[in-house]
Amino acid sequence: MFTESCGIVTLPPLLAPSLLAGDHAHLADSVRLAEDAGVTWLHLDIMDGHFVPNLSFGPQVVAALRPLSRLFFDTHLMLSEPHRYVEAFAKAGSDSISIHIEPEYDHCGTLKHIRDLGCKCGLVLNPGTPATAVEGFLSEVDLILVMTVQPGFGGQPFRAEMLEKLRLLSRWRNERGLRFRLEVDGGIDLETGLQCRQAGADTFVAGTSFFAAEDRDAFARTVAAW
Ligand code: DX5
Ligand code: ZN
């Protein structure tokens, strides 16, 4: 499954449009736009107004969208107490659930709970959190999500200093023979995404840039060719 790309060993690229940048009065239409562009993943941003200073949507919305789409629901929980909600999102139809490393809770137990619920599990790092914070969990997760903006809002500029963190995580993955996906989220477009690809990322969340793109099919094809 691992291939050589841009001089590094990595997984095939995946684009995950973020529904946060979709049309919230017609979310089903936005899901369809993503599906029609030929992607296989959809990124769902869940915010609690506490861990991040914004609110988005909850498991009821995810459950309502589930029967409308076959996309892989990549669920990013920006919650102070994610362990209290993983079951609700699994039941709602999430395929993958990612939880932040920063809040205090039983990270290991929650990752196991997510897996026991039949979902893939991921850990997320804010820009200020060093890669070492997740180093001990790398063999326990299907995905590491490196935030390339401070989470809470779409449309923020990409933070290029995160490339170093990606290079380090990518190196650890290769050296240790691990298989987790390395995902980036925040300010990703065809230029910043390619920089992340060259630093070892394989999974690209794009909100504003994807939904505002004139030709979303071409956007998806470009990422698939990285
Ligand atoms: C940020 C969210 C992102 C956001 C990305 O808090 O986690 O997924 O939707 O949006 P863009 O691509 O617009 O930066
Ligand atoms: Zn996100």
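This is a predicted model: local features need pLDDT of at least 70, side-chain atom pairs count only at pLDDT 80 or more; totals for chains, interfaces and linings use all residues.

Trainee: Is L190 buried, exposed or partly exposed?
Mentor: L190 has a relative accessible area of 33%, so it counts as partly exposed. Buried means under 20%, exposed means over 50%, and partly exposed is in between, using a 1.4 Å probe and protein chains only.

Trainee: And what's L190 in contact with?
Mentor: If you skip neighbours within four places in sequence, L190 is in contact with F219, T222, V223 and W226. Contact means heavy atoms within 4.5 Å.

Trainee: Switching topic, what holds the zinc ion?
Mentor: The protein donors of the zinc ion (ligand 2) are H43 (NE2), D45 (OD), H76 (ND1) and D185 (OD), at 2.0 to 2.3 Å from it. Donors are N, O and S atoms within 2.8 Å of the metal, or 3.2 Å for Na, K and Ca; water is not among the atoms, so sites may look incomplete.

Trainee: Why is the arrangement around the zinc ion called octahedral?
Mentor: Because the six donor atoms around the zinc ion subtend angles of 66 to 165°. Six donors count as octahedral if opposite ones are over 155 degrees apart and all others are between 65 and 115. The ideal angles for six octahedral donors are 90 or 180 degrees.

Trainee: How are the donors spaced along the chain?
Mentor: The spacing is H-x1-D-x30-H-x108-D. H43 is in strand 4 (residues 41-47) and H76 in strand 5 (residues 72-78), so this pair ties together parts that are 33 residues apart in sequence. Both H43 and H76 are buried, too.

Trainee: What order do the strands have in the sheet?
Mentor: The open sheet has eight strands in the order 3-10-9-8-7-6-5-4, paired in parallel. Two strands pair if DSSP finds at least two bridges between them. Strand 3 (14-17) and strand 4 are at the edges with a single partner strand each, so one side of each has no neighbour in the sheet. From one strand to the next, the twist averages 25°.

Trainee: How many bridges do strand 3 and strand 10 have?
Mentor: Four, in the parallel sense. One bridge partner pair is L15 and F204. Strand 10 (residues 203-206) also pairs in parallel with strand 9 (residues 181-185), over three bridges. There, D185 stands opposite V205, and D185 is also one of the zinc donors.

Trainee: What about strand 8, how many of its residues are buried?
Mentor: Five of the five residues of strand 8 (residues 143-147) are buried, so the rest of the structure largely encloses it. L143, L145 and M147 are on one side, with I144 and V146 on the other. Strand 8 runs parallel to strand 7 (residues 120-125), with four bridges, and to strand 9, with five.

Trainee: Which residue in strand 9 does I144 stand opposite?
Mentor: That's L182. I144 also touches L123, V134 and F180, among others, not counting residues up to four places away in sequence.

Trainee: Which residues have the most contacts inside the largest nonpolar core?
Mentor: They are I97, I99, L123, I144, L166, L169 and C196, in a core of 61 residues. A nonpolar core is a set of buried Ala, Val, Leu, Ile, Met, Phe, Trp, Tyr and Cys residues joined through side-chain atoms within 4.5 Å. Another core, of nine residues, lies apart from it and includes L14, V124, L145 and V205.

Trainee: Last one: where does T129 sit?
Mentor: T129 is in the loop between strand 7 and strand 8. At 12% relative accessibility, T129 counts as buried, and beyond four places in sequence it touches I101, E102 and K165.

How values were computed:
Residues are numbered from 1 along each chain as its sequence is written. Chains are lettered from A and ligands numbered from 1 in the order in which they are written. Side-chain values use heavy atoms; hydrogens and water are left out. Four donors count as tetrahedral if all angles lie between 85 and 135 degrees; four count as square planar and six as octahedral if opposite donors are over 155 degrees apart and all others between 65 and 115; anything else is irregular. Helices (H or I, at least four residues) and strands (E, at least two) are DSSP runs, numbered from the N terminus. Axes are lines fitted to C-alpha atoms, for helices over the stretch in contact, and angles run from 0 to 180 degrees between N-to-C directions.
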